[in-house]
Amino acid sequence: MMRIFTVMLMLLASLAVANAAPLLKGDRQGQPVTIKSNELSSDSKSRTATFSGKVVARQGDLTIYSDKLVVHYKEEGGDLDKVVATGNVRIVQGDRLATAREAVYQSVEQKIVLTGDPKVIQGDNTVTGKVITYFVDEERSIVTGGPDTRVEAVITPKEKVKNDGQKR
C-alpha cells in the first residue's frame with residue numbers, strides 16, 4: 001500500500017512539474033517572446049502592458065492562450081514583476097496542457113498559480129483541484145482543494161512490456 005502511495009505521489013509530482021516547469025525553464029531562455037492579440041495598451045504610470053482579445057503568447061515550444069494578458073513591470077529597472085493571464089487560459093507544450101480561468105506568474109516568488117477550475121493534463125493523466133501552485137526554483141507543486149472542490153488525480157499506468165517485447 002505504501003509503495004502504491006509513493007508511486008502515485010511521484011507521478012503527481014512529475015505531472016505537475018512537467019506541466020509547469022516549461023513555463024520558465026529550458027531551451028526557451030533567451031528566445032524571443034511573440035505576443036499576438038487584437039489590442040495592446042500600455043500604461044507607463046502603472047508600468048503595465050495589456051494584451052486583449054484572442055491573446056497568443058509564444059516562446060519556443062511553449063504557447064499561452066488567453067482572453068487577456070497583463071504584464072507588470074517593476075518600478076526600478078523595468079524588469080518583469082508579474083504576468084496575469086485571464087479568461088480561457090490554456091498553456092500548451094507538446095502533449096502537455098494546463099487550463100484555468102487565471103494563471104499568475106510572480107517573479108519575486110518564482111511561482112505560478114493556476115485558479116478557476118485548474119487542470120493539468122499529460123497524455124491520459126490529469127490532476128485537478130481548486131488551486132495549482134508551482135514553485136519554479138524548488139521544482140515542487142501544491143494542488144489544493146476547497147470546500148466544494150477536492151483534489152483529483154487520474155493516473156493511467158503505462159503499458160508494461162514483457163521481456164519478449166510483447167505488450168501485456
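This is a predicted model: local features need pLDDT of at least 70, side-chain atom pairs count only at pLDDT 80 or more; totals for chains, interfaces and linings use all residues.
Reader: How many salt bridges does a search of the whole structure find?

Author: A salt bridge is a side-chain nitrogen of Lys or Arg within 4 Å of a carboxyl oxygen of Asp or Glu. The search finds three.

Reader: Which residue forms a salt bridge with D117?

Author: R101 does, with the closest N and O atoms 2.7 Å apart. The pair links distant parts of the chain, 16 residues apart. D117 sits in the loop between β7 (111-115) and β8 (119-122), and R101 in strand β6 (residues 96-106). Strands here are DSSP runs (E, at least two residues), numbered from the N terminus.

Reader: Is D117 buried or exposed?

Author: Buried means under 20% relative accessible area, exposed over 50%, and partly exposed in between (1.4 Å probe, protein chains only). D117 counts as exposed because its relative accessibility is 56%.

Reader: What of the salt bridges of E109 and E138?

Author: E109 pairs with K111, the closest N and O atoms being 3.5 Å apart. E109 is partly exposed, at 48%. E138 meets R140 at 2.4 Å, N to O. E138 is partly exposed at 49%, and R140 is partly exposed at 36%.

Reader: Where is T48 placed, and what does T48 touch?

Author: T48 lies in strand β3 (residues 48-59). With a relative accessible area of 12%, T48 is buried. Its side chain joins that of S46 in a polar contact of 3.0 Å. A polar contact is a pair of N or O atoms within 3.5 Å; within protein, one must be able to donate a hydrogen and the other to accept it, and residues adjacent in sequence count only if both atoms are side-chain atoms. Contact means heavy atoms within 4.5 Å. Leaving aside neighbours within four places in sequence, T48 contacts S41, S42, D43, V70, V71 and H72.

Reader: Which residues have the most contacts inside the largest nonpolar core?

Author: In soluble globular proteins, nonpolar side chains tend to be buried together. A nonpolar core is a set of buried Ala, Val, Leu, Ile, Met, Phe, Trp, Tyr and Cys residues joined through side-chain atoms within 4.5 Å. The largest here has 22 residues, and F51, L69, V71, I91, A103, L114 and V120 have the most contacts inside it. Elements giving two or more residues to this core include β3, β4 (62-73) and β5 (80-93).

Terms used
Residues are numbered from 1 along each chain as its sequence is written. Side-chain values use heavy atoms; hydrogens and water are left out. Helices (H or I, at least four residues) and strands (E, at least two) are DSSP runs, numbered from the N terminus.
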